[in-house]
Amino acid sequence: MIKLLDFWAEWCGPCKLMHPIIEDMKKKYDGKIEFVEINVDETPGDSIKYNVASIPTYIILKDDVEVARHLGATTPDKFDKFLSDNLV
């Protein structure tokens, strides 16, 4: 299964902008992508493990190996393309 790691924080404006987009993508890719939300304030060790220096950061893992990374907020169309391009 492909995983999307979503690094975010409560106080992050761009993360809040991305939240509805992420929720829509969860529905669209249900059964194809596992979405894992990681609050950087609650689990800072994960940020260190994946070398995340800014948020929001989105990392796609295939077989627990990073294959793609997207930094910052984006449009729904661009985020959808980011996900779909990495399904194969």
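Between which helix and which strand is the loop where N51 lies?

A: N51 lies in the loop between helix 2 and strand 3. Helix 2 is 44–49 and strand 3 is 57–62; both are DSSP runs numbered from the N terminus (helices H or I, at least four residues; strands E, at least two). Keep in mind that you're looking at a predicted model, where local features need pLDDT of at least 70, side-chain atom pairs need 80 or more, and totals for chains, interfaces and linings use all residues. Numbering starts from 1 along each chain as its sequence is written, and side-chain values use heavy atoms, leaving out hydrogens and water.

Back to N51: its phi is positive, about 55°, although N51 is not a glycine. For context, most residues other than glycine have a negative phi, and most peptide bonds are trans.

Now for a helix pair. Helix 1 and helix 3 (residues 76–85) pack at about 45°, with axes 10 Å apart; axes are lines fitted to C-alpha atoms over the stretch in contact, and angles run from 0 to 180 degrees between N-to-C directions. On the helix 1 side, M18, I21, I22, M25 and K28 make the contact, and P76, F79, D80 and L83 meet them from helix 3, with contact meaning heavy atoms within 4.5 Å. By class, that contact has seven nonpolar, two charged and no polar residues. Nonpolar here means Ala, Val, Leu, Ile, Met, Phe, Trp, Tyr, Cys and Pro; charged means Asp, Glu, Lys and Arg; the others, Gly among them, are polar.
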